[in-house]
Amino acid sequence: MDHFQMRDGVMHVEDVPLPAIAAAVGTPLYVYSTATMVRHAQVFSEALNQLPQAPLIAFAVKANPNAAVLATLAAAGLGADVVSGGELLRAVNAGVSADRIVFSGVGKTADEMALALNHGIYQFNLESEPEAEMLSAVAVSLGKVAPVAFRINPDVDAGTHAKISTGKSENKFGVAYDRAQAAYAMARDLPGLSVQGVAVHIGSQLTDLAPLEAAFGRIGGLIESLRRAGHRIDVADLGGGLGVPYDPALPPPPLPADYGAMVCRVTAGWQVRLVFEPGRLIVGNAGVLLTRVIRVKQGVNEPFVIVDAAMNDLMRPSLYDAWHDIRAVTPSGDRFTANVVGPVCESGDTFAMHRVMDETGPGDLLAFMTAGAYGATMAGTYNSRPLTPEVMVSGNDWSIVRARQPIEALIAADSLPPWLAKEKL
Ligand SMILES: *Cc1c(COP(=O)(O)O)cnc(C)c1O
């Protein structure tokens, strides 16, 4: 459920009309709803409240790392799943306590490991044996012991887009299921590691529970055999990946309650603390990208609606062929078929083709729905377009939580080499 509703013909975020924010901040911009993300955090926690041990729900920071989002979710009781030293610092700065932070990713550097060890995080999810060796060496050099799990690649097909599928044997992620015993045996002998668990994450935007259940089943079997081999397994991190509805015409993804029931059933008797790493599920439907129509250009078939947002602001359509619902903020009730594109000089800068949508013209505001996850966080400055601002709404209050980047800042970030700087004098 979200808090983006029509009132008197105008789309509101909670109690704030979107045109008011657009008039004050300009477009394009991201707008987030506090109530929606807090509600999703609650629904997900409630879906897991039958578990024998209280789980750690660690928000996947990469889905939306804005400080206001992280602080909101930290206050709602969520920890953080981070994939870089930068994300770790963002989470800590936003008030996430280190003992609720999990560090994932295949390429942690020695510096990032030292940073996380010095903060005292809850768990490192290791993705290879060489990584285990490096972490042990860094921990020993700091006089610390790193709490670790191995991320296991269960070799299941998540049934999602290839670019967000992570649990097949050919993907770069995790330790192959068949190598797991050897990896744990090796880690046990490393002086800087304390092995405490297993981890799995098979992909994102999953719309079916079956691959998750298959992966968790394999992890259950592995926990048993690891324990038989004498390893202590106290934690099982089941990752994230639950999908959100993008296209109202498609069947909705599984409900958190059904996911929770499946998890309770499959993990019964594991005697571990479970960790979850939801990202998209928490913030996806809590954000929109608000954009203004610049002009409408005649096409061979349908018209091109050219908007002031582009692929640099919202990459998902060009990166994953992602589908976002596009709605008029003040719809007239008329509909037409159009292509929606941005101003960037790439054919890939296309948000929708042959889309039946609210009829719209120059100056109109459009909302790209379900843009709260993997939206602003993936934005870049291609075509020298400054980073998109972000606004957070709570009830009838709203606040800029990231200002529009001034073009001067973008230009000033570069510097000239001395031989060119001299010429300028
Ligand atoms: C991206 C990622 C997540 C979050 O995935 P969602 O689909 O947004 O829930 C969780 N864990 C890891 C290791 C990830 O890389």
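A: The second largest pocket takes at least three of its lining residues from each of domain 1 (4–31 + 284–412) and domain 2 (34–281); the domain bounds come from an automatic or database domain assignment. The model is predicted, so local features need pLDDT of at least 70 and side-chain atom pairs count only at pLDDT 80 or more, while totals for chains, interfaces and linings use all residues. Residues are numbered from 1 along each chain as its sequence is written, and side-chain values use heavy atoms, with hydrogens and water left out.

The spaces are found on a 1 Å grid over the protein atoms alone: a pocket is an open set of points with protein on both sides within 12 Å along at least five of seven lines, a cavity is a set where a 1.4 Å probe fits but cannot get out, and lining residues have an atom within 4 Å of a point. Grid points are joined across faces, edges and corners, and a volume is the space filled by probe spheres set on the points.

By class, eleven of the lining residues are nonpolar, five are polar and three are charged. Here Ala, Val, Leu, Ile, Met, Phe, Trp, Tyr, Cys and Pro count as nonpolar, Asp, Glu, Lys and Arg as charged, and the others, Gly among them, as polar.

The largest pocket contains about 650 Å³ of space. There are 38 residues in its lining, with Lys62, Val83, Thr166, Phe173 and His201 lying nearest its centre. These lining residues comprise 15 nonpolar, 13 polar and ten charged ones. Both domain 1 and domain 2 give residues to this lining, so the largest pocket lies between them.

One cavity of 30 Å³ or more is present, and about 30 Å³ of space lies in the largest cavity. Its lining is made up of Phe59, Val61, Leu70, Leu73, Ala74, Leu78, Gly79, Ala80 and Val96. Two elements, α3 (67–75) and β6 (79–82), each give two or more residues to that lining; helices (H or I, at least four residues) and strands (E, at least two) are DSSP runs, numbered from the N terminus. The largest share, three residues, comes from α3. By class, the lining of the largest cavity has eight nonpolar residues, one polar and no charged.

Helix α3 also takes part in a helix pair. The axes of helix α2 (residues 34–47) and α3 come within 10 Å and cross at roughly 40°; axes are lines fitted to C-alpha atoms, for helices over the stretch in contact, and angles run from 0 to 180 degrees between N-to-C directions. The two helices are therefore oblique to each other, given that angles under 35 degrees count as roughly parallel, over 145 as roughly antiparallel, 65 to 115 as roughly perpendicular and the rest as oblique. The crossing of α2 and α3 is right-handed, a term used if the near helix is turned clockwise from the far one by less than a right angle, left-handed being anticlockwise.

Two backbone features remain. Most residues other than glycine have a negative phi, and most peptide bonds are trans. The peptide bond from threonine 27 to proline 28, however, is cis, with omega near -5°, and proline 28 is found in the loop between α1 (18–25) and β4 (29–33). Aspartate 155 has a positive phi of about 55° although it is not a glycine; aspartate 155 is placed in the loop between β9 (146–153) and β10 (175–176).
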